[in-house]
Amino acid sequence: MLFTDPTKPIEERINSLIKELTVDEKIGLLTGHQAPIERLGIKERFIGTEFARGWSSHEETQFCTVFPQTIGMSSTFDKELINKAE
């Protein structure tokens with residue numbers, strides 16, 4: 001698998017990995033808890049989530065409040081909606 005070869009340029013490695021991943025696997029990598037992709041040797045990861053105005057916990061017994069995230073808000077491209085959320 002080309003993406004595991006550290007002697008190759010990073011762009012080649014990234015493109016190789018993207019080609020190897022299924023759509024479901026790619027979607028699974030968008031979360032704070034990434035399930036392992038054993039067929040590619042990718043381990044389970046807990047990367048957390050950046051909350052611009054909130055806090056999150058991986059513990060089921062710890063509750064939290066999460067406020068709108070600026071990157072998500074800007075992804076709407078809807079200035080009126082963003083102003084309503086502020």
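What does Ile14 count as, judging by its relative accessibility?

Analyst: Ile14 counts as partly exposed, because its relative accessibility is 42% (buried is under 20% relative accessible area, exposed is over 50%, and partly exposed is in between, with a 1.4 Å probe and protein chains only). Before going on, a caveat: this is a predicted model, so local features need pLDDT of at least 70 and side-chain atom pairs count only at pLDDT 80 or more, while totals for chains, interfaces and linings use all residues. Numbering runs from 1 along each chain as its sequence is written, and side-chain values use heavy atoms, with hydrogens and water left out.

Back to Ile14. This residue sits in helix α1, residues 10–20 (helices are DSSP runs of H or I with at least four residues, strands are runs of E with at least two, and both are numbered from the N terminus). Together with Ile10 and Ile18, Ile14 makes a nonpolar surface patch of about 280 Å². For such a patch, residues need over 30% relative accessible area and no salt bridge; nonpolar side chains (Val, Leu, Ile, Met, Phe, Trp, Tyr) are joined within 5 Å, like charges within 9 Å. The areas come from the Shrake-Rupley method with a 1.4 Å probe, and for residues only the protein chains shown count as cover.

Helix α1 also holds Ser16, which counts as buried because its relative accessibility is 12%. Leaving out residues up to four places away in sequence, Ser16 touches Leu2 and Phe3 (a contact means heavy atoms within 4.5 Å). A polar atom of the Ser16 side chain lies 3.3 Å from the backbone nitrogen of Phe3.

Next, the salt bridge: a search of the whole structure turns up one. It pairs Arg39 with Glu25, the closest N and O atoms being 2.8 Å apart (the cut-off is a side-chain nitrogen of Lys or Arg within 4 Å of a carboxyl oxygen of Asp or Glu). Arg39 is in the loop between β1 (33–34) and β2 (45–46), Glu25 is in helix α2 (residues 23–28), and the two are 14 residues apart. Arg39 counts as partly exposed at 47% relative accessibility, whereas Glu25, at 16%, counts as buried.

Strand β1 contains Gln34, which is buried at 13% relative accessible area. The Gln34 side chain reaches the backbone oxygen of Leu29 at 3.0 Å.

Zooming out, the chain has four helices and two strands, in the order α-α-β-β-α-α. Buried residues make up 13% of its 86 residues.

Technical notes
A polar contact is a pair of N or O atoms within 3.5 Å; within protein, one must be able to donate a hydrogen and the other to accept it, and residues adjacent in sequence count only if both atoms are side-chain atoms.
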